[in-house]
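What follows is a walk through a structure, one region at a time. Please keep the sequence and the coordinates at hand while reading.

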Amino acid sequence: MKYIEIIKELEKKIDSLPQESDPLYSKNIIRLDVSGSADSLKELSKIAEKIGNFDLISNGKEVENNNKRIKVYNLEDNIDYKFLTEDRNVYIAKAKLNTGKIMLISSGKKEELRLRLMLNGYNQIIILAEEGSKIAIEEFFEGEEAGIINEINAKEGSDIKIDIINEANKSLSFYTGAAGNNSRIEINSFFVGEAKSNNKIICSQNSSAHINNIIVAQSKNVDITDYIINASQNAKAFISARAIGKNATIFIKENSIIEKGANGSEANIIAKGINMGGSKIEAIPAMTTNENDVKAAHSADVAPLSNTFIEYLMSRGISPKDSRKLLLKGFVYENMNAFQSKDLLESIIDNHLGKILGD
Amino acid sequence: MLLEIKNLHVEVGGKEVLKGIDLKVGSGELHVIMGPNGSGKTTLAKAIVGLSGVKVKEGDILFDGKSIINMSIDERARMGIFMQYQNPVEIEGVSFLSFLSTAKSSMEGSADMKKLMEEVKKGIKELGMSEEVIKRPVNLGFSGGEKKKSEILQMNILKPKIAILDEPDSGLDVDAVKIVGREISKAAASGTGCIVITHYTRILSALELKGNNVVHVLYDGKIVENGGKELAEKIEKEGYSILH
Ligand SMILES: Nc1ncnc2c1ncn2[C@@H]1O[C@H](COP(=O)(O)OP(=O)(O)OP(=O)(O)O)[C@@H](O)[C@H]1O
Ligand SMILES: [Mg+2]
């Protein structure tokens, strides 16, 4: 599939989002705009106007410039949102979103924004990193059902990192990203429930995209499809997916497309699974390369835990269960390490592995 | 007696590999097992440790007077049985330190991280290893020599009652052989019963072998000869043909 088609497909999905008439959709937009820089405000207003009414949460710098329909809140008015530090160019915030919210997040030029979001129900997030800025977001999916659409736009020289800790029982997620020249987009996801997920990132010149997935599933269906498209020179794509399944059905379809003209590009895909019994795990890496001067590699492998390894650990006094746990944690370690809250994630993974191993 | 092997018959993949082994090893004793390739040395080590694929058909293995042949690998390890593997596995994502601390806390109920760290650092220095190995995944990308040393380090940290060392000297440079030999002697001096499996006498000069029943020759699944250091030297000079 050409990336144009992928984008079209995504647009269709966005179009099919709940409409204004849909009770599910409260039409609220929460917006977090750190600097209120003229550029980002303009861009965000455009998107916002297309959608309709919205509430604005901002640090209040340039809100007067905005559209009349904007309802302005002071930061303090919003219970779930506060700045944790007043560092000059670093903003840290926490927000809780319930169904039907659209959140616009943007960082001004050269600013740094850190954000923690608790997501419940169906939400949409639009992220815009201005030139040279940095955005790091942690998204926690909670509750029975979660659905999310993330649109990610990294302008020249910016850096966007999103960690998704998805503990929702059932979830649906679409992330699309465009990485501008010399920028970087990283999406790390952890799945434990029933999940369908789709990530697509297009890379411009000298940019890089990183997709990291960890799946720990017991008696669940997990279906993951990722694409990274190297659309221009020296773009770099890295995808790593690691799945642990017990009585689960897991698909990890990891794709790289290197477009014609994207010479000097690199793409690397790793898709691996460990079957802890009764699972169907398919790790399918696919590479389409339309350019000669590129480096591309992929590897895939699904197997049960190796008995030789378990016995080696047991011969050092470690119980069979702890041996398995140590090996499984080792299997996802590198991917886990990519998350900002790796200690938290480790304890979450520990807990779920314990269940798989029969705690 | 710490370890007593009685008339041990063992099958591997449906084939009888050990055909009646008798061996006694006491605390702090140092024994050497030699024997041609395929004679069953590693199989004997595996049988003592309890690895799968090795089936005891007849005979018994007693540890501190108790039969262990129906015990699991980890139970035996926690009783104080250790094996240095001929080819240790490489484990991705598990750092050497977290592996050691898990092992230590499994053995002792808990691990004092600070004390462990000190012991590990000391052990690494004595073995002439680089400190960064503790951060690396277990054995991953270790050189042949580093793997052997990492096994010896584990022995030093876990302080077993009995250690079976399966070719601790193969693939090591001259200096490393001396270091490893010295560490094994130290373990024996501190009370660990050691069984060293080897093809060469060069490690023997670093080991303090005492008595005339410490070198055992395994041939086609049987111990065919027992002796002192001179037996090893004779074999090295003349080969196993002297046994026919
Ligand atoms: N899984 C197996 N199936 C069948 N035969 C096996 C299996 N594993 C080992 N053997 C056989 O058992 C015999 C003893 O092997 P073992 O590894 O104990 O020899 P060794 O004395 O340690 O040799 P080396 O000096 O080469 O290390 C060999 O003939 C070997 O081929
Ligand atoms: Mg052997």
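Helix H1(B) is largely enclosed by the rest of the structure, because seven of its nine residues are buried. The model is a predicted one. The buried residues of H1(B) are B:Lys41, B:Thr43, B:Leu44, B:Ala45, B:Ala47, B:Ile48 and B:Val49. Just after the helix, B:Gly50 has a positive phi of about 100 degrees.

Which protein atoms are the donors of the magnesium ion (ligand 2)? They are OG1 of B:Thr42 and OE1 of B:Gln86, lying 1.9 to 2.3 Å from the ion. B:Thr42 has a relative accessibility of 21% and so counts as partly exposed, the cut-off for buried being under 20%. B:Gln86 is partly exposed as well, with a relative accessible area of 26%.

Two packed helices are described by the angle between their axes and the distance between the axes. For H3(B) and helix H4 (residues 113-126) of chain B, the axes come within 11 Å and cross at roughly 120 degrees. That angle makes H3(B) oblique to H4(B), since roughly perpendicular covers 65 to 115 degrees and roughly antiparallel begins over 145. The crossing of H3(B) and H4(B) is right-handed. On the H3(B) side the contact is made by B:Leu97, B:Leu100, B:Ser101 and B:Lys104, and on the H4(B) side by B:Met113, B:Leu116, B:Met117, B:Glu119 and B:Val120. By class, the residues of this contact of H3(B) with H4(B) are six nonpolar, one polar and two charged.

Two loop residues of chain B call for a look at the backbone. Most residues other than glycine have a negative phi, and most peptide bonds are trans. B:Asp64, which is not a glycine, has a positive phi near 50 degrees. B:Asp64 lies in the loop between strand S4 (54-63) and strand S5 (66-67) of chain B. With a relative accessible area of 45%, B:Asp64 is partly exposed. B:Asn139 is also not a glycine, and its phi is positive, at about 65 degrees. B:Asn139 is in the loop between H4 and helix H5 (144-158) of chain B. Is B:Asn139 buried or exposed? Its relative accessibility is 0%, so B:Asn139 counts as buried.

Chain A is next. Chain A contains five helices and 19 strands. It has 359 residues, 55% of which count as buried. Among the contacts in chain A between residues at least 6 apart in sequence, 69% join residues at least 24 apart.

Chain A has a helix pair to set out in the terms used above. Helix H3 (residues 307-314) of chain A and helix H4 (residues 320-337) of chain A have axes that come within 9 Å and cross at roughly 120 degrees. H3(A) and H4(A) are therefore oblique to each other, and their crossing is right-handed. A:Phe309, A:Ile310, A:Leu313 and A:Met314 of H3(A) meet A:Pro320, A:Ser323, A:Arg324, A:Leu326 and A:Leu327 of H4(A). The contact of H3(A) with H4(A) consists of seven nonpolar, one polar and one charged residues.

A:Ile148 is placed in strand S8 (residues 134-154) of chain A. At 3% relative accessibility, A:Ile148 is buried. Not counting residues up to four places away in sequence, A:Ile148 touches A:Leu119, A:Asn123, A:Ile125, A:Glu139, A:Phe141, A:Leu172, A:Ser173, A:Phe174 and A:Tyr175. From A:Ile148 to A:Val294, 146 residues away in sequence, the C-alpha to C-alpha separation is 34 Å.

A:Lys342 is in helix H5 (residues 342-356) of chain A. A:Lys342 is partly exposed, its relative accessible area being 34%. Its neighbours within four places in sequence left aside, A:Lys342 is in contact with A:Met336 and A:Asn337. The C-alpha atoms of A:Lys342 and A:Ala136 are 14 Å apart, and the two residues are 206 residues apart along the chain.

Conventions:
Residues are numbered from 1 along each chain as its sequence is written. Chains are lettered from A and ligands numbered from 1 in the order in which they are written. This is a predicted model: local features need pLDDT of at least 70, side-chain atom pairs count only at pLDDT 80 or more; totals for chains, interfaces and linings use all residues. Side-chain values use heavy atoms; hydrogens and water are left out. Donors are N, O and S atoms within 2.8 Å of the metal (3.2 Å for Na, K and Ca); water is not among the atoms, so sites may look incomplete. Buried means under 20% relative accessible area, exposed over 50%, partly exposed in between (1.4 Å probe, protein chains only). Axes are lines fitted to C-alpha atoms, for helices over the stretch in contact, and angles run from 0 to 180 degrees between N-to-C directions. Helices (H or I, at least four residues) and strands (E, at least two) are DSSP runs, numbered from the N terminus. Angles under 35 degrees count as roughly parallel, over 145 as roughly antiparallel, 65 to 115 as roughly perpendicular and the rest as oblique. A crossing is left-handed if the near helix is turned anticlockwise from the far one by less than a right angle, and right-handed if clockwise. Contact means heavy atoms within 4.5 Å. Ala, Val, Leu, Ile, Met, Phe, Trp, Tyr, Cys and Pro count as nonpolar, Asp, Glu, Lys and Arg as charged, and the others, Gly among them, as polar.
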